[in-house]
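Subject: Structure for your files

Hello,

Please find the structure below, followed by notes on what was found in it.

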Amino acid sequence: MAKKKPTYPAAARPEPALARKRPEGVRVGRASAGLGLFATRPYKKGERVIEYVGRTLTNAEEYSSRSKYLFEVNKRKTIDGSMRSNIARYINHSCKPNCEPEIERGRIFIDAIRNIKEGEEFVYDYGEEYFNEHIKPYGCRCAKHT
Ligand SMILES: [Zn+2]
């Protein structure tokens with residue numbers, strides 16, 4: 001007898017990506033800005049590093065959320081990547097990035113924009129709005145600024 005799938009309200013439905021196995025080729029470690037995500041093997045320019053996964057927020061949740069891990073996919077979709085299973089949330093900001101977020105069919109991927117050596121920290125530019133609001137007031141701790 002087939003089991004009935006559980007039904008969730010739209011906002012609580014887990015993203016399909018969360019069911020996938022834990023990512024390879026990356027590890028969480030100490031960085032200049034707290035914890036960071038590092039390469040455990042070399043990456044080629046253009047290679048996909050990891051997916052930024054999270055829960056899709058309703059408009060009301062988006063408005064009231066205090067999460068630092070909100071990621072705007074498009075005008076109508078923002079995800080909250082604060083859950084522990086989202087390893088990509090460890091990727092720090094840099095003004096001189098080696099990665100870039102790539103949005104494909106409503107999902108966010110972090111891709112290498114140059115060759116990355118084993119042991120190197122993955123970083124991407126969080127964008128002007130986030131930078132001005134959350135980084136600038138405390139001083140940027142990226143490689144370019146330390
Ligand atoms: Zn910086």
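**The hairpin and its sheet**

A hairpin joins E5 to E6 through 2 residues. Helices and strands here are DSSP runs (H or I, at least four residues, for a helix; E, at least two, for a strand), numbered from the N terminus. This is a predicted model, in which local features need pLDDT of at least 70, side-chain atom pairs count only at pLDDT 80 or more, and totals for chains, interfaces and linings use all residues. Residues are numbered from 1 along each chain as its sequence is written.

E5 and strand E6 (residues 77-80) run antiparallel and are joined by 4 bridges. Two strands are taken to pair if DSSP finds at least two bridges between them. Within this pair, Glu72 stands opposite Thr78 in E6, and Leu70 has Asp80 in E6 as its bridge partner. Asp80 in E6 is also the bridge partner of Arg55. E4 pairs with E6 over 2 bridges, in the antiparallel sense.

Together these make an open sheet of 3 strands in the order E4-E6-E5, with antiparallel pairing. Strand E4 (55-56) and strand E5 (70-74) each have a single partner strand and stand at the edges, so one side of each is left without a neighbour in the sheet.

**The protein overall**

The protein has 2 helices and 10 strands. Along the sequence the pattern is β-β-β-β-α-β-β-β-β-β-β-α. Of the 146 residues, 23% are buried. A residue is buried if 20 or more other C-beta atoms lie within 10 Å of its own, exposed if 12 or fewer, and partly exposed in between, with C-beta atoms placed from the backbone.

Two residues are in contact if their C-beta atoms, placed from the backbone, lie within 7 Å. Among contacts with a separation of 6 or more, 66% are between residues 24 or more positions apart.

**The nonpolar core**

A nonpolar core is a set of buried Ala, Val, Leu, Ile, Met, Phe, Trp, Tyr and Cys residues joined through C-beta atoms within 7 Å. The largest one has 21 residues, of which Val49, Tyr52, Ile91, Cys99, Ile110, Phe122 and Val123 touch the most other members. Strand E2 (34-39), strand E3 (48-52), strand E9 (107-112) and strand E10 (123-124) are the elements that give two or more residues to this core.

Leaving aside neighbours within four places in sequence, the contacts of Cys99 include Val49, Ile91, Ile110 and Phe122. Phe122 is in the loop between E9 and E10, and counts as buried because it has 24 C-beta neighbours inside 10 Å. Not counting residues up to four places away in sequence, Phe122 touches Leu37, Phe38, Ala39, Val49, Ile91, Asn98, Cys99 and Ile110. Its C-alpha atom is 9.4 Å from that of Ala88, 34 residues apart along the chain.

Glu102 is in strand E8 and is partly exposed, with 15 other C-beta atoms within 10 Å. Beyond its neighbours within four places in sequence, Glu102 is in contact with Phe109 and Asp111. Glu102 and Tyr52 are 50 residues apart in sequence, and their C-alpha atoms are 9.8 Å apart.

Arg105 lies in the loop between strand E8 (99-104) and E9. Arg105 counts as exposed, as it has 5 C-beta neighbours inside 10 Å. Its phi is near 45°, a positive value in a residue other than glycine. Most residues other than glycine have a negative phi.

Regards
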